[in-house]
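Opened the notebook to look up a few spots in this structure. Jotting things down as I go.

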Amino acid sequence: MASVSCGNREAGKAYFYPGPIGNTERHYSGHRSISLDIFVSVYASGVGARDFDAGIAVERRCRNFAYKDKDGLPYAVSNTIGPPLGLGDQSGVINQTLTGPNADSYTTQTTFIQVGDAVITVTETGPKGSPVNRAALPLAAIVAALRSAGY
């Protein structure tokens with residue numbers, strides 16, 4: 001498995017394009033190793049769709065890669081692209097399986113939704129060997145709030 005650099009977000013900076021963005025991030029941790037991150041980025045006029053397209057392109061290109069976590073433990077990641085959700089202007093789902101150094105397997109699902117010049121990124125990681133459940137997430141409400149704010 002080849003090591004691939006797939007880019008990192010840096011707070012207050014656009015993912016793929018120069019310039020400042022407004023963003024908010026929330027992290028939730030639950031029982032049984034469940035975690036949820038919701039990240040909303042608001043871009044300058046005309047950049048939201050380009051950022052969404054560039055993000056999905058990276059996910060398509062980075063199907064299988066390896067990385068080391070903050071403790072230096074190696075992980076292998078395998079991505080599959082799911083169908084669009086029909087939310088916002090564009091949406092995409094990436095299903096990931098992360099395999100750790102002890103052959104422990106975790107499932108992660110990342111959902112991208114573009115609403116005008118805003119991009120919502122939701123990452124949910126499930127417990128070892130269990131699928132994640134996006135059904136409980138208020139994605140339609142987040143999209144509706146962005147629409148009502150003019151995005």
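These entries cover an aromatic pair, the hairpin around it and one threonine.

Entry 1, aromatic rings. I'm working from a predicted model. I searched for aromatic pairs, and the count came to one. The partners are Tyr 67 and Tyr 75, and their rings are stacked. I noted 5.6 Å centre to centre and 20° between the planes. That angle is under 30 degrees, so the pair goes down as stacked.

Tyr 67 has a relative accessible area of 32%, so I put it down as partly exposed. Tyr 75 comes in at 16%. The cut-off for buried is under 20%, so Tyr 75 is buried.

E3 spans residues 64–68 and E4 spans residues 74–82. The two strands run antiparallel and pair over five bridges. Next I looked at the hairpin they make, which has five residues between the strands. Gly 72 in that hairpin takes a positive phi near 85°.

Which strand holds Thr 110? I found Thr 110 in E6, residues 105–115. Is Thr 110 buried or exposed? Its relative accessibility is 7%, so Thr 110 counts as buried. I then listed its contacts, leaving aside neighbours within four places in sequence. Thr 110 touches Gly 92, Val 93, Ile 94 and Gln 96, along with Thr 121, Val 122 and Thr 123. With Thr 123 there is also a side-chain to side-chain polar contact of 3.5 Å.

Terms used
Residues are numbered from 1 along each chain as its sequence is written. This is a predicted model: local features need pLDDT of at least 70, side-chain atom pairs count only at pLDDT 80 or more; totals for chains, interfaces and linings use all residues. Side-chain values use heavy atoms; hydrogens and water are left out. Helices (H or I, at least four residues) and strands (E, at least two) are DSSP runs, numbered from the N terminus. Buried means under 20% relative accessible area, exposed over 50%, partly exposed in between (1.4 Å probe, protein chains only). A polar contact is a pair of N or O atoms within 3.5 Å; within protein, one must be able to donate a hydrogen and the other to accept it, and residues adjacent in sequence count only if both atoms are side-chain atoms. Contact means heavy atoms within 4.5 Å. Rings of Phe, Tyr and Trp (its six-membered ring) pair if their centres lie within 6.5 Å; planes under 30 degrees apart count as stacked, over 60 as edge-to-face and the rest as tilted. Two strands pair if DSSP finds at least two bridges between them.
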